[in-house]
Amino acid sequence: MGNSIEENVNKIIKDLPKGVKLVAAGKGQSTIDIAKAVKAGIQIIGENYIRDAKNIYNQIKNLARLHFIGIPEQTKHDLLRTKNLMMFDMIETIDSVEIAGEINKKLTEVNKVMPILIEVNSGRESQKAGVLPDQVIDVIKEVAEFENIKVLGLMTMGSTPHQSIKNQKNRSNVKKCFKVTKKLFDEIKEMNIKNVDMKYLSMGMSNSYKIAIKEGANIIRVGSKIFGERN
Ligand SMILES: *Cc1c(COP(=O)(O)O)cnc(C)c1O
């Protein structure tokens, strides 16, 4: 049942406004399916776990980029190995000065600068990852001091329960989250903080990426709409 990965990718890319980057969220997917997505035109793979990233890295490294989209605190032990860090072209989910500092320290040893996004807990939910909206500016000012880290924007999950985006209340909640994040993004851009270049706003998943694009996202992260529902 359902369409092929290739059909899914083509369908999403066809309607993507110019300048919006599509990240294929690869968690739980086989190397074969990720290779299929790359062949169909995916240029960035998002991985939540280091083990998954390692499994695909050698196959995709010359064909697609790799973004870390997992929870740094959860994967810290593996993420903070220099060799593992070096697989990634961007870390989208930095949620504290501490983790940024630890990554910076590792990268100083190898003289690499890592592009990162700050994850915003735009729905202010206690169980969600990310920096609370009113603390984002302070966190960015501190992270900007790290020489081997370059802040390139913001990322948010929003408050959507995965399935029920068709529910009007959930739609309006997620939209609110995206608006909060976009407003912050513009505000920080205006501030012209040294060593910060507000280029990317990563918002929206399978069920919310169309809303996210309307609200100003230029990176979307799509999993199940490409690979099918996860079990
Ligand atoms: C899994 C995941 C996605 C994609 O979710 P889907 O609903 O399957 O599109 C996007 N962002 C992050 C951080 C994820 O972990």
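The legends below describe close-up views of a predicted model. Local features need pLDDT of at least 70, side-chain atom pairs count only at pLDDT 80 or more, and totals for chains, interfaces and linings use all residues. Residues are numbered from 1 along each chain as its sequence is written, and side-chain values use heavy atoms, with hydrogens and water left out.

**View A. Helix α1 and its buried side.** Helix α1 spans residues 5-14. Helices (H or I, at least four residues) and strands (E, at least two) are DSSP runs, numbered from the N terminus. Ile5, Asn8, Val9 and Ile12 are the buried residues of α1. Buried means under 20% relative accessible area, exposed over 50%, and partly exposed in between (1.4 Å probe, protein chains only). The four cover an arc of only 95° around the axis, so they sit on the same side of α1. The arc is that of the directions from the helix axis to the C-beta atoms. An α-helix has 3.6 residues a turn, so residues three or four places apart point the same way. Lys11 and Lys14 are exposed on the face turned away from the buried side. The buried residues pack against β1 (21-25), α2, α9 (209-214), β8 (219-222) and α10 (224-227). Contact means heavy atoms within 4.5 Å.

**View B. Helix α3 and its cover.** In α3 (residues 50-60), Ile50, Asp52, Ala53, Ile56 and Ile60 are buried. Their arc around the axis is only 135°, which puts them on the same side of α3. Arg51 and Asn58 are exposed on the other side. The cover over the buried residues includes α2 (31-39), β2 (44-47), β3 (65-68), α4 (72-79) and α5 (82-85).

**View C. Helix α2 against helix α3.** The two axes come within 10 Å and cross at roughly 40°. That makes α2 oblique to α3. Angles under 35 degrees count as roughly parallel, over 145 as roughly antiparallel, 65 to 115 as roughly perpendicular and the rest as oblique. Axes are lines fitted to C-alpha atoms, for helices over the stretch in contact, and angles run from 0 to 180 degrees between N-to-C directions. The crossing of α2 and α3 is right-handed. A crossing is right-handed if the near helix is turned clockwise from the far one by less than a right angle, and left-handed if anticlockwise. Thr31, Ile34 and Val38 of α2 meet Asn55, Ile56, Gln59 and Ile60 of α3. These contact residues comprise four nonpolar, three polar and no charged. Ala, Val, Leu, Ile, Met, Phe, Trp, Tyr, Cys and Pro count as nonpolar, Asp, Glu, Lys and Arg as charged, and the others, Gly among them, as polar.

**View D. Helix α7 against helix α8.** Helices α7 (residues 136-143) and α8 (residues 168-191) have axes that come within 11 Å and cross at roughly 45°. That makes α7 oblique to α8. Their crossing is right-handed. From α7, Val136, Ile137, Ile140 and Lys141 make the contact; from α8, Leu184, Glu187, Ile188 and Met191 do. Six of these residues are nonpolar, none polar and two charged.

View E. Asn148 lies in the loop between α7 and β6 (149-156). Asn148 counts as buried because its relative accessibility is 9%. Leaving out residues up to four places away in sequence, Asn148 touches Asn104, Leu107, Thr108, Asn111, Lys112, Val113 and Met114. Arg124 sits in the loop between β5 (114-120) and α7. Arg124 is not a glycine, yet its phi is positive, about 50°. At 51% relative accessibility, Arg124 counts as exposed. Asn192 is in the loop between α8 and β7 (196-203). Its phi is near 45°, positive in a residue other than glycine. Asn192 is exposed, with a relative accessible area of 66%.
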